[in-house]
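This report walks through one protein model for a reader who is new to structures. Please keep the sequence and the 3D view open while reading.

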Amino acid sequence: RAFYKYLLLENLFTKNPTPTLYYIVHAIQFFALAFFLTRILKNYTSNRKLIYLVIVFLTLTAGFTYSWFRLHMVERDIVLLLAAFLYCYLRYQKNQKLIWLLFATVAANIAIYYKEFPSILIGTYAVAYLVLSARNREDDKRIRIFNITLLISAAIYLVLYAILVLPLGGIRSYGVGEYSSLEVLTKNFLNYLFVSDPLIILVVLPLTFWRVYRVFIRKDVAQPFHDSLLAASSMYVIGHFVLKVGGDVHYLQPVYITVLPPLFYYLREYLRQKPWKYALTLSVVLVLVNTIPMGLHYLTFFKYSPANLGTTVEFLARDIKERSPKSRPSIFLDGVGRTTGKWTYFVFSEHLLYRGLTAGEFDLRSDTGEEFSDAYFPYLGKIPTPFTVFEKGPVPEIAKGDYLVISTHSLDRNKAPDNTVYLKSLESSYELLFRTQSRFAIPLINLKEIGRYFISIGAQPGERLLGVSRHKPSPQIPDYYVFIRK
């Protein structure tokens, strides 16, 4: 899904791709999205400054920078496809040319097959539009056929999903973990409300329920296009709660595209009422003090992180060849387990092999005590690898000449690269060989992290409060340190 465009570029232009080639794709997508959003919002306001402010506001949110500055993020493609869908549909409404409705159909159908939730969004939109237009006795045959086509496409996807994906796990694997359903629901709700998506929780969901009340209880005239977008967006969000999907700030990003038209359409009227004015004001304040600071952090984090990884593995490859040409030293990623960190170890191995090392010149190991399991990335267990970290066995000890890498990949917060006390404690047994410096990286500082600091006071390692870890906040600077055992 998210890989196809990179593979296409590699096959068309080069067999030795560079990061620049990959991010050219993101730049093209960004300018296309800006074009679509500008044209969409011009249907609702002639205030250019407001349009540009909304686009800048959106692109600085945590979910946007998280998905736009990383590779292989399907939400980025879904956002662009939904924007294209809305743009084409609104063009059809203006000039009634069938070609725009066909383009909208294509964009929606591609979005459906990216992930489970776009199929829910598109299917809900189609059902809601058919119901509301029938209630209003509207008779646009093209629009009716258009929505029936979307509904059939969404249904076909769900059938194929049930046949091909569910037997392998699919949505049944979502939310599976050590916490209860109530803890997961509470944590996800609070994260969405106060950190990543306050606008969705405080404005979009209440506005959807309000429109349901106004249309079906108070018998107001429905607005099929805008009400259907609200219903579809809310179902997208509710689906994440029902399936206990959460933890990443980018999951609800596609909703910001589909709610723009109804928000502009309804809030002009509803903002005269104090509850909506307060809800919107509070959500904007939370975005400014929580979401955008996190977005700026992710922007610099994902700028430095891949570059720092590259320079780190280049140093390791060079140092191993120079220092240990006849031995096979082990590389330990501090705080990274054999199961939860399986993908991290796999990426490290691929980088080192790409830079000229052979599997006989180094080994990868983990001393966290975590047992190897196929619970995470089970397909990696099917790939033959010569590295100990991908095998079951006793917990190894770091021996003289072995490398210890400190990074933000560590799941042990006490072993993060920003813990200067921990780094100082290593000096007696290890020699620092290499480190990166992210001079202009923006630390993760927002209300959530400030609150985390206060609940961490007096906490013991691993202690929790109402299911929330009481660990100290981390600025999450994406630096790497390479030590060697003396």
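Phe85, Tyr89, Tyr125, Tyr129, Phe146 and Phe225 form one aromatic cluster, where rings of Phe, Tyr and Trp (its six-membered ring) are said to pair if their centres lie within 6.5 Å, and planes under 30 degrees apart count as stacked, over 60 as edge-to-face and the rest as tilted. This is a predicted model, in which local features need pLDDT of at least 70 and side-chain atom pairs count only at pLDDT 80 or more, while totals for chains, interfaces and linings use all residues. Residues are numbered from 1 along each chain as its sequence is written, and side-chain values use heavy atoms, with hydrogens and water left out.

Across the whole structure, a search finds 31 aromatic pairs. Another edge-to-face pair is formed by Tyr430 and Phe483, at 6.4 Å centre to centre and 75° between the planes. Here the link joins distant parts of the chain, with Tyr430 in strand E4 (residues 430-435) and Phe483 in strand E7 (residues 481-485), 53 residues apart. Tyr430 and Phe483 are both buried.

## Two packed helices

How are two packed helices described? The description uses the angle between their axes and the distance between the axes. Helix H7 (residues 116-135) and helix H8 (residues 141-164) pack at about 145°, with axes 8 Å apart; the axes are lines fitted to C-alpha atoms, for helices over the stretch in contact, and angles run from 0 to 180 degrees between N-to-C directions.

Among the H7 residues that meet H8 are Ile122, Tyr125 and Tyr129, and the H8 side includes Phe146, Leu150 and Tyr157. The residues of this contact divide into 15 nonpolar, three polar and two charged, where Ala, Val, Leu, Ile, Met, Phe, Trp, Tyr, Cys and Pro count as nonpolar, Asp, Glu, Lys and Arg as charged, and the others, Gly among them, as polar.

## Three buried residues

Ser133 also lies in helix H7, and its relative accessibility of 11% makes it count as buried. Apart from neighbours within four places in sequence, Ser133 is in contact with Glu138 and Pro224, contact being defined as heavy atoms within 4.5 Å.

Leu263 sits in helix H13 (residues 260-270) and is buried, with a relative accessible area of 8%. Not counting residues up to four places away in sequence, Leu263 touches Leu199, Val203, Val204 and Leu207. Tyr422, found in helix H16 (residues 420-425), counts as buried at 17% relative accessibility, and beyond its neighbours within four places in sequence it contacts Asp334, Ile406, Asn414 and Lys415.

## The chain as a whole

The protein chain has 17 helices and seven strands, which are DSSP runs (H or I, at least four residues, for helices; E, at least two, for strands) numbered from the N terminus. Of its 486 residues, 49% count as buried. Among contacts with a separation of 6 or more, 79% are between residues 24 or more positions apart.

Methods. Buried means under 20% relative accessible area, exposed over 50%, partly exposed in between (1.4 Å probe, protein chains only).
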